[in-house]
Amino acid sequence: MKTKVVLSLIVVAMLSVTTAFGKDKTEKFKVYGNCGMCENRIEKAAKSVDGVSTADWDKESKMMQVKFDDSKTDVHKVEMAIAKAGHDTQMHKATDEAYNKLPGCCQYERAGDKKSGSHNGHSH
Ligand SMILES: [Cu+2]
């Protein structure tokens, strides 16, 4: 019982430390891709954005998890960098040109929307 209280105090203390330095933000979003090569390309693109500390893409779930300093960058910038590398995200689509440059095995199935390259309604 006592151990449990001590443990929860430690957890609370750790959480408040994270909040005090509260610059690091973790976001999850979907990135379209196929294989391990895509994984490298997607993670490299995300990490090339200034402020991003970690990027991890899962080829099974197609989910990207990025950790970044939110005083330096935001999730849109990360998604745009990934789109530039040829991979669609839900908010930022790759241009057809970038997509066509991908190796054949990496040309994932696109959602079939012809508005590639657009920002689908939100502006920058
Ligand atoms: Cu690939």
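Reader: Which residues does C38 touch, not counting residues up to four places away in sequence?

Author: Happy to start there. Contact means heavy atoms within 4.5 Å. By that rule, C38 touches G33, W57, H87 and C106, once residues up to four places away in sequence are left out. Before we go on, a word on the model: it is predicted, so local features need pLDDT of at least 70 and side-chain atom pairs count only at pLDDT 80 or more, while totals for chains, interfaces and linings use all residues. Residues are numbered from 1 along each chain as its sequence is written, and side-chain values use heavy atoms, with hydrogens and water left out.

Reader: Where does C38 lie, and is C38 buried or exposed?

Author: C38 lies in helix α2. Helices (H or I, at least four residues) and strands (E, at least two) are DSSP runs, numbered from the N terminus. For burial, the cut-offs are under 20% relative accessible area for buried, over 50% for exposed, and partly exposed in between (1.4 Å probe, protein chains only). C38 counts as buried because its relative accessibility is 0%. As for H87, its C-alpha atom is 8.4 Å from that of C38, although the two are 49 residues apart along the chain.

Reader: How should I read the metal site, and which residues coordinate the copper ion?

Author: Look for donors, which are N, O and S atoms within 2.8 Å of the metal (3.2 Å for Na, K and Ca); water is not among the atoms, so sites may look incomplete. Here the SG atoms of C35, C38 and C106 coordinate the copper ion at 2.1 to 2.2 Å. Along the sequence, these donor residues follow the spacing C-x2-C-x67-C.

Reader: Stepping back, how many helices and strands does the protein chain have?

Author: The secondary structure comes to 4 helices and 3 strands. Reading from the N terminus, the order is α-β-α-β-β-α-α. Buried residues make up 30% of the 124 residues in the chain. Among contacts between residues at least 6 apart in sequence, 53% join residues at least 24 apart.

Reader: Which residues touch the most other members of the largest nonpolar core?

Author: The general idea first: in soluble globular proteins, nonpolar side chains tend to be buried together. A nonpolar core is a set of buried Ala, Val, Leu, Ile, Met, Phe, Trp, Tyr and Cys residues joined through side-chain atoms within 4.5 Å. The largest one here has 23 residues, and F29, M64, V66, V78 and I82 touch the most other members. At least two residues of this core come from each of α2 (36-47), β2 (52-58), β3 (63-69) and α3 (75-84). Take I82: beyond four places in sequence, its contacts are F29, V31, I42, A45, A46, M64, H87 and T89.

Reader: T89 is in that list, so where is T89 found, and what is T89 in contact with?

Author: T89 is found in the loop between α3 and α4. With a relative accessible area of 0%, T89 is buried. Leaving aside neighbours within four places in sequence, T89 is in contact with F29, K30, V31, E79 and I82.

Reader: On to charges: how many salt bridges does a search of the whole structure find?

Author: Side chains of opposite charge can pair when their charged atoms come close. A salt bridge is a side-chain nitrogen of Lys or Arg within 4 Å of a carboxyl oxygen of Asp or Glu. The search finds 3 of them. One joins K25 and E27 (3.6 Å, N to O); K25 is partly exposed at 35% relative accessibility, and E27 is partly exposed at 23%.

Reader: What does R110 pair with?

Author: R110 meets D88 in a salt bridge (2.8 Å, N to O). Since R110 lies in the segment after α4 (96-100) and D88 in the loop between α3 and α4, the pair ties together parts that are 22 residues apart in sequence. D88 is buried, with a relative accessible area of 3%, whereas R110 is partly exposed at 22%. R110 also forms a salt bridge with D96, with the closest N and O atoms 2.9 Å apart. That pair links R110 in the segment after α4 to D96 in helix α4, 14 residues apart. Through shared partners, D88, D96 and R110 are joined into one network.
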